[in-house]
Amino acid sequence: MDHYEVTVIGAGLAGITAARRLIKQGRTNILLADKGKSVGGRLATRRVANGKADHGAQFFTVRTEELEEEVRDWLSKGWIKEWFGDHYPRYTAIDGMNGLAKHLAGDIQTSLHTKVVKMIETDGGYRLYSEDGSEWQSDKVLMTMPVPQIVELLKNSPVNVSAPTLKQLKSIVFEPTYVGIYHFQQSTNLPENGHVDQNLPEGVERIVDHKKKGISDDTIVSVYMTGDWSRKYYGEDYVMSLIKEKVESYFDWDVMESEQLKRWRYAQARDVLEESCIDVLGDGRLVVAGDAFLRPNDEAGRTRFESAYLSGRDAAAYLSW
Ligand SMILES: Cc1cc2nc3c(=O)[nH]c(=O)nc-3n(C[C@H](O)[C@H](O)[C@H](O)COP(=O)(O)OP(=O)(O)OC[C@H]3O[C@@H](n4cnc5c(N)ncnc54)[C@H](O)[C@@H]3O)c2cc1C
């Protein structure tokens, strides 16, 4: 049976960052496991015709020295660029946010299409079971999925999590988000940088033209709905037409080529935890992290790219031998 020093569950930014840091600290036997077909999680980019759209995170801001240092490196490697904004510049990936995740994951040992469904405590750590029937052993486990998915995995595993810790995790509610994705034959009238987040109709959080953003050859536009709106209409089959109605006046629909809908069940946490990671059993072998785990002094106070990065980084330091 395969055996790893650490299994990181979730290859989003938190998991990738943790795995990178563990490797930097000299660990060689790390597995990054994700249920998806690609690394990146909510750093997601979709191909549409001859273009693409970021349908998860659009950009990120930087408030800490740790991320600032990385940003200098990513800029020098040509992986990211400054998109807009003065006080806190908005950085975005040159080739789509998922491309940045792929760069960061590099050659970390990764197992995709691997949904971890159960963990059993053993003498030397944990035995992990995936949905497709594979199992392996790991000395330590770091879970970086959205908190409700962490709670689900803990519930399916005979792991003795204390009631207060479970209660703390269960209190974190994630909002869904709907994203409408549209391919137009012609350019839009959106501003030059392709980004609008002001004076939008109620329920619309942001509109992005990815050609103007600089990552797409074709005009691909995404419309991000707010958490409240997405929760209200979650699962309804007429969501697509409702979104179009909302932004009707922004586009010439006669030149629309195609439309798609992306539904995120867990997009952004409504509440956050004021710890950048939690040691579930207190023995340093089962740790949880991710974007909802914020440093106590976090300036922004909300889940985002940077909170995922810092949480992954802090979890790796915590797991160090
Ligand atoms: C629509 C949208 C727009 C956003 N816009 C912005 C923005 O503009 N700026 C910003 O800073 N942030 C934004 N965010 C938030 C940002 O994307 C996230 O905070 C960050 O990417 C979260 O990273 P993470 O690693 O914590 O989680 P995720 O990226 O969610 O990674 C978790 C991973 O765990 C995997 N997983 C789940 N369960 C299992 C399991 N049982 N077994 C194996 N794998 C599993 C998932 O497949 C996923 O890849 C946005 C998010 C969304 C959805």
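Helices α2 (residues 65–76) and α9 pack at an angle of about 105 degrees, and their axes lie 10 Å apart. Axes are lines fitted to C-alpha atoms, for helices over the stretch in contact, and angles run from 0 to 180 degrees between N-to-C directions. The two helices are therefore roughly perpendicular (65 to 115 degrees). On α2, the contact (heavy atoms within 4.5 Å) involves Glu66, Leu67, Glu70 and Trp74. On α9, Phe305, Glu306, Tyr309, Leu310 and Arg313 take part. Five of these residues are nonpolar, none is polar and four are charged. Here Ala, Val, Leu, Ile, Met, Phe, Trp, Tyr, Cys and Pro count as nonpolar, Asp, Glu, Lys and Arg as charged, and the others, Gly among them, as polar.

The model is predicted; local features need pLDDT of at least 70, side-chain atom pairs count only at pLDDT 80 or more, and totals for chains, interfaces and linings use all residues. Residues are numbered from 1 along each chain as its sequence is written, and side-chain values use heavy atoms, with hydrogens and water left out.

Helix α9 spans residues 305–319 and includes Ser307. Helices are DSSP runs (H or I, at least four residues), numbered from the N terminus. Ser307 is buried, at 2% relative accessible area (buried: under 20%, 1.4 Å probe, protein chains only). Its side chain reaches the backbone oxygen of Asp291 at 2.8 Å. Beyond neighbours within four places in sequence, Ser307 contacts Gly290, Asp291, Phe293, Leu294 and Arg302.

Domain 1 comprises 3–40 + 105–172 + 272–319, and domain 2 comprises 174–268. These bounds come from an automatic or database domain assignment. The domain centres, taken over C-alpha atoms, are 31 Å apart.

Methods:
Buried < 20%, exposed > 50% of the residue type's maximum accessible area, 1.4 Å probe, protein only. Polar contact = N/O pair within 3.5 Å; in protein donor to acceptor, adjacent residues only side chain to side chain. Parallel < 35°, antiparallel > 145°, perpendicular 65-115°, else oblique.
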